[in-house]
Structures are given as structure tokens and as C-alpha cells.
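Here are some notes to read with the model open beside you. They go point by point, with cut-offs given where a term first comes up.

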Amino acid sequence: MLFAHDTDVALVATAALINTGRDDVDTLSTTGELRDFLDDQGYTGRRDGDAAELDAVRALRTRLDTLWQLGIDDAAHEVNVMLREADARPYLTRHDGWDWHIHVTEPEAPLADRMAAENAMALIDLIRTDQLSRLKTCAGEDCRLVFIDLSRNRSRRFCSDGGCGNRAHVAAYRRRRAEQD
């Protein structure tokens, strides 16, 4: 285990949120798609289910996407700003089958604020352990998806969503076979 379980979950959810807007088709363009995303990622707490909430989450998505390209000092600054804006106040809680873990906003806070604070807290662990290089973009030829590399040696190169690793391995195999013939 590299990070606490809730940190892993939040980092994976951050990448999933970013990826909703990285393909040719935006998969977070309706309140229903937002609801499905939140259910899939296990988000709890207040949900308004309206267009304003969707717009706020989409704006957060764009903001989080930039973190994949920032250096450690700029990322730390952005994380601090996000925590301040969300009025983050850490506390321990257990719920829904999870043992003790940290929340930083109340369940009644606006969804985008809760998501921003939760994602910022997860990124804190990456920054303070000098693991920001675990934020990666897929090495697939035509893939722009991001992911968090939770492998021990940070060797993961491909997303798990598009079969990019399989395609790259098959292409490499075919090149080797062609060179042998």
C-alpha cells in the first residue's frame, strides 16, 4: 500500500473526472451523467442535481486537469488555493462501510467544493511524498486519458480504459516478427 485507501480512491476518482472531458465525446454533459459518475465513484453527501452543480463540477474538472502538467511548487500552490476556497476543515469520520478516514468538508457543502477539497487532500499526499510523477497521461498512440500510477515502481504507462497497452504490445510484437522474417 502506497497511500491510505481513501487517498487511492480519491486519486482514481480525480483521474476519472478528468477523463470525462478528455475524449472526443464529453461524458459529463448532463445532470444524469453527473449522477451516474457520482454513483460510480461512490460520492456521498449533498447533491442538488441541477445545471449549476453540473457546471461547477465541469469547471472543477478543467482545473484538476491542469494539475497533471504542473510542477510540484505550482501544484502545491493550487492545492492550497483549492482547500482555502472550499473552506476545508479536516475531521475523522466513518460511514458506509469505511473505517476511519479524513473528510475536509461537511456533507451538506456544495458538491464541487467537497470534490475539490477531497481531491486536493489526496494530491497533498502525492506532493508531500514527492510522488507527483504518479500523475500520468496514457502513452497510447491516440490516447489522451490520464491515470494515477499506483504501481510500486511507477512503471505503468497505459490507461486501463482504452486497451492502449494491449494495442501497443501487439504492435511491438508484430514489428519484431516482421524484423525476423
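**Notes on the model**

1. Let me begin in a loop: Asp 130 lies between H5 and strand S3 (135–137). Helices (H or I, at least four residues) and strands (E, at least two) are DSSP runs, numbered from the N terminus. Phi of Asp 130 is near 55°, a positive value in a residue other than glycine. With a relative accessible area of 55%, Asp 130 is exposed. Here buried means under 20% relative accessible area, exposed over 50%, and partly exposed in between (1.4 Å probe, protein chains only).

2. A word on provenance. This is a predicted model, in which local features need pLDDT of at least 70 and side-chain atom pairs count only at pLDDT 80 or more, while totals for chains, interfaces and linings use all residues. Residues are numbered from 1 along each chain as its sequence is written, and side-chain values use heavy atoms, with hydrogens and water left out.

3. Asp 87, in the loop between helix H4 (72–85) and strand S1 (91–95), has a positive phi of about 55° although it is not a glycine. At 45% relative accessibility, Asp 87 counts as partly exposed.

4. Now the overall layout. The protein chain has 6 helices and 4 strands, and along the sequence they follow the pattern α-α-α-α-β-β-α-β-β-α. Taken along the principal axes, the C-alpha atoms of the chain fill a box of roughly 65 × 35 × 35 Å. Of the 181 residues in the chain, 39% are buried.

5. Which residues are closest to the centre of the largest pocket? First, its volume is about 600 Å³. The pocket is lined by 30 residues, and Asp 6, His 101, Ile 102, His 103 and Glu 118 are the closest to its centre. The elements giving two or more residues to this lining are helix H1 (5–19), strand S2 (98–103) and helix H5 (111–128). H5 gives the most, with 9 residues.

6. The method behind that pocket may interest you. On a 1 Å grid over the protein atoms alone, a cavity is a set of points where a 1.4 Å probe fits but cannot get out, and a pocket is an open set with protein on both sides within 12 Å along at least five of seven lines; lining residues have an atom within 4 Å of a point. Grid points are joined across faces, edges and corners, and a volume is the space filled by probe spheres set on the points.

7. The residues of the pocket lining divide into 14 nonpolar, 9 polar and 7 charged. His 101, one of the residues closest to the pocket centre, sits in strand S2 and is buried, with a relative accessible area of 7%. The C-alpha atoms of His 101 and Thr 7 are separated by 9.3 Å, although the two residues are 94 apart along the chain.

8. How many disulfides does a search of the whole structure find? The search gives 0, a disulfide being a pair of cysteine sulfur atoms within 2.5 Å. For Cys 138, the nearest cysteine sulfur is that of Cys 164, 3.7 Å away. Cys 159 has its closest cysteine sulfur in Cys 143, at 3.8 Å, which is too far for a bond. Cys 138 is buried at 6% relative accessibility, and Cys 159 is buried at 8%.

9. The buried residues of H3 are Glu 53, Leu 54, Val 57, Leu 60, Arg 61, Leu 64 and Leu 67. Seen down the axis of H3, these fall within an arc of 120°, so they line one face of the helix; the arc is that of the directions from the helix axis to the C-beta atoms. On the other side of H3, Ala 52, Asp 55 and Thr 62 are exposed.

Terms used:
Nonpolar A, V, L, I, M, F, W, Y, C, P; charged D, E, K, R; others polar.
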